[in-house]
Every structure is written in structure tokens, then in C-alpha cells.
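Take a look at the model below. This report covers helix packing, the nonpolar core and the salt bridges.

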Amino acid sequence: MEALIASYGDSSSDSDSESPAPRPELKNSEESSSALPPPPLSLLNSPNSFGFLDFSPSAQPGRMRNFPHVEGNYAVHVYIPVYIPPAPRKEMALFLNKLASLVPGLHAVDVDVPLEILRKDEHKLEQVALGREFHISLGRTVPIRVHQIDSLVTMLRQKLQIQRRYWIDFSKWEVFVNDDHTRTFVSIEVIAAGLAEITKQIQAVNEVYKLHNLPEFYKDPRPHISVAWASDDISSSLKQAVEEERRSTVGGSLQKCLFTSKFNGIECRIGSKTHKICKFSE
């Protein structure tokens with residue numbers, strides 16, 4: 001049991017439904033060797049490096065978990081990983097840039113850097129806010145006991161083991177609020193291609209969750225990825241800004257496909273460990 005617990009890292013410390021990826025642990029200075037060469041300059045200006053940005057993460061508002069911490073519990077999140085192709089990022093970054101000028105307090109999801117800082121450099125805005133992995137959630141982020149882990153992963157694989165590849169159209173800027181109204185999200189919703197397939201996958205995850213006495217997903221799910229967030233429920237003002245900017249950006253069309261991504265698998269992250277859930281049948 002101790003070995004199993006160790007493999008999943010620390011107990012649950014997840015936040016709201018848009019759960020951030022666990023940050024890698026830093027080694028103690030005494031573990032590093034003085035003989036190691038300095039890192040290449042390219043690493044010092046990587047997509048996750050904030051470079052010249054005057055930003056202190058510790059000074060920013062923290063993301064609170066939406067369930068109490070209990071020793072021995074681990075946060076579970078089932079999702080489809082999504083990457084935004086390079087081509088549409090520029091137009092999307094322009095949209096976020098304008099939105100940040102209209103609505104203060106927006107942050108890039110997961111890295112939690114204020115958009116007000118990122119928008120000082122268009123390239124940084126594209127890299128940091130849009131050049132990373134996003135998630136379409138297939139179930140709620142909930143706590144699970146360590147003895148339930150093997151059963152949950154096994155059943156998810158049984159239900160979702162063989163999947164056909166399909167295309168997902170991300171077509172609509174939308175605003176969502178988490179359950180306890182402590183976070184508002186700027187998201188891109190799936191409303192056409194891929195919606196039927198994702199809905200079936202959500203139903204399969206719900207069946208497994210029910211067998212483990214875990215809360216099911218929303219009754220009428222609206223699959224999406226979230227790219228920015230703000231504290232508290234500011235959905236009214238944010239929706240107004242999104243609608244206005246969406247109309248001006250796409251010439252009045254509210255159904256323009258922003259980007260298309262090929263379904264590339266389902267993952268289940270429990271604590272700091274990620275499980276691959278499905279294989280493909282072409």
C-alpha cells in the first residue's frame with residue numbers, strides 16, 4: 001500500500017474542475033552536481049519561461065480546491081488532451097488580447113499568469129496562454145481513495161478501450177462558471193463535429209463513476225477547453241465582452257470554427273500519475 005501511495009505523489013490538492021497539471025518537483029541543491037554544464041539558452045526562454053515579465057506567482061490569487069483535503073485521497077480527472085495548432089493561435093491571441101483590455105483580472109489557465117502582463121508581448125501571449133496542453137473534461141475532478149484506483153482505471157479501460165479517431169471542431173467562444181462560483185472561465189466550446197462522440201465518452205465515464213459512488217458529470221454536458229480564468233463570478237460582464245468581441249472579430253458570424261483537432265486519446269490523471277485509457281480502431 002505504501003508503494004502504491006508513493007507512486008501517486010501527494011494526496012489530493014486539486015482545485016476547481018479545470019484542474020492544473022501537477023508541477024514537477026525541484027531537486028534539492030545538494031542533489032545537483034557542480035560538474036553539470038549550464039542549461040542551453042533556448043531553455044531559458046522556453047514557452048513556460050516568463051522572461052522579462054515582471055511577475056511573481058506567489059503574489060497572485062491562488063486556486064482553491066473545490067473539495068476538502070483528506071489524507072489518503074487523490075484527485076482524479078478523466079479528459080481528452082488537446083493542443084491548439086500553431087496556425088490559429090495568432091488570431092486567438094488577438095482575441096484574448098482585446099478581451100484582457102476590456103475585462104481586468106484574467107489569467108492564463110494552469111500557468112496562472114495575468115493576461116495583462118502577457119499581452120505586453122504578442123509572442124509571449126501565444127506561447128504561454130495557447131501553446132500548451134488543454135483538456136476536454138469527461139468527468140468531474142473528484143477525490144478518490146487509494147484502494148479504488150486500480151478498479152477505476154480498469155473499468156475505464158474496459159468501457160473506453162477501443163475508440164475510433166475523429167475530428168473535433170472548436171467553434172464557439174463561451175463563458176463558464178465553476179460550481180461554487182469562485183472562478184469564471186473563458187472557454188472554447190465544441191458544438192458540432194466531435195460533440196456526439198464526446199457525449200458518448202462522458203456517458204461511459206459516468207457509468208464507471210457511479211459504480212465507485214463518485215458524482216456524475218453535468219446532466220447536459222457542454223464539452224470545451226478553457227484558456228483563461230478570473231476570480232469570482234464575473235460571467236455577466238465577461239459574456240458581454242466575449243459577445244461583442246466575437247461579433248467584431250468574425251464579422252458577425254458566431255459559428256466560425258476557431259480550430260480543428262484530431263481526437264488523440266483519453267487520459268486519466270490520479271494525483272501526479274497519468275494513465276492512458278484507450279487504444280484506437282481505425
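## Two packed helices

Helix 3 (residues 86-102) packs against helix 5 (residues 122-130) at an angle of about 100 degrees, and their axes are 9 Å apart. Axes here are lines fitted to C-alpha atoms, for helices over the stretch in contact, and angles run from 0 to 180 degrees between N-to-C directions. Helices (H or I, at least four residues) and strands (E, at least two) are DSSP runs, numbered from the N terminus. Helix 3 and helix 5 are therefore roughly perpendicular to each other (65 to 115 degrees).

Which residues make the contact (heavy atoms within 4.5 Å)? Helix 3 brings Arg89, Lys90, Met92, Ala93, Leu94, Leu96 and Asn97. Helix 5 brings Glu122, Leu125, Glu126, Ala129 and Leu130.

## How the model is read

This is a predicted model: local features need pLDDT of at least 70, side-chain atom pairs count only at pLDDT 80 or more, and totals for chains, interfaces and linings use all residues. Residues are numbered from 1 along each chain as its sequence is written, and side-chain values use heavy atoms, with hydrogens and water left out.

## The nonpolar core

The largest nonpolar core has 65 residues. Such a core is a set of buried Ala, Val, Leu, Ile, Met, Phe, Trp, Tyr and Cys residues joined through side-chain atoms within 4.5 Å. Buried means under 20% relative accessible area, exposed over 50%, and partly exposed in between (1.4 Å probe, protein chains only).

Trp173, Ile225 and Val227 have the most contacts inside this core. Leave aside neighbours within four places in sequence, and Val227 still touches Leu96, Ala129, Leu130 and Trp173, among others.

## Salt bridges

Side chains of opposite charge can pair when their charged atoms come close. A salt bridge is a side-chain nitrogen of Lys or Arg within 4 Å of a carboxyl oxygen of Asp or Glu. The count comes to nine salt bridges. One of them joins Arg132 and Asp110 at 2.4 Å, N to O. Arg132 sits in the loop between helix 5 and strand 3 (133-137), 22 residues from Asp110. Arg132 is buried at 13% relative accessibility, and Asp110 is buried at 10%.

Which residues are linked in a network of salt bridges? They are Lys172, Glu174, Glu189 and Arg222. Lys172 pairs with Glu174 at 3.1 Å between the closest N and O atoms. Arg222 also forms a salt bridge with Glu174, at 3.2 Å. Arg222 lies in a loop and Glu174 in strand 7 (residues 172-177), so the pair ties together parts 48 residues apart in sequence. Glu174 is buried at 11%, whereas Arg222 is partly exposed at 38%.

Definitions and conventions
Parallel < 35°, antiparallel > 145°, perpendicular 65-115°, else oblique. Contact = heavy atoms within 4.5 Å.
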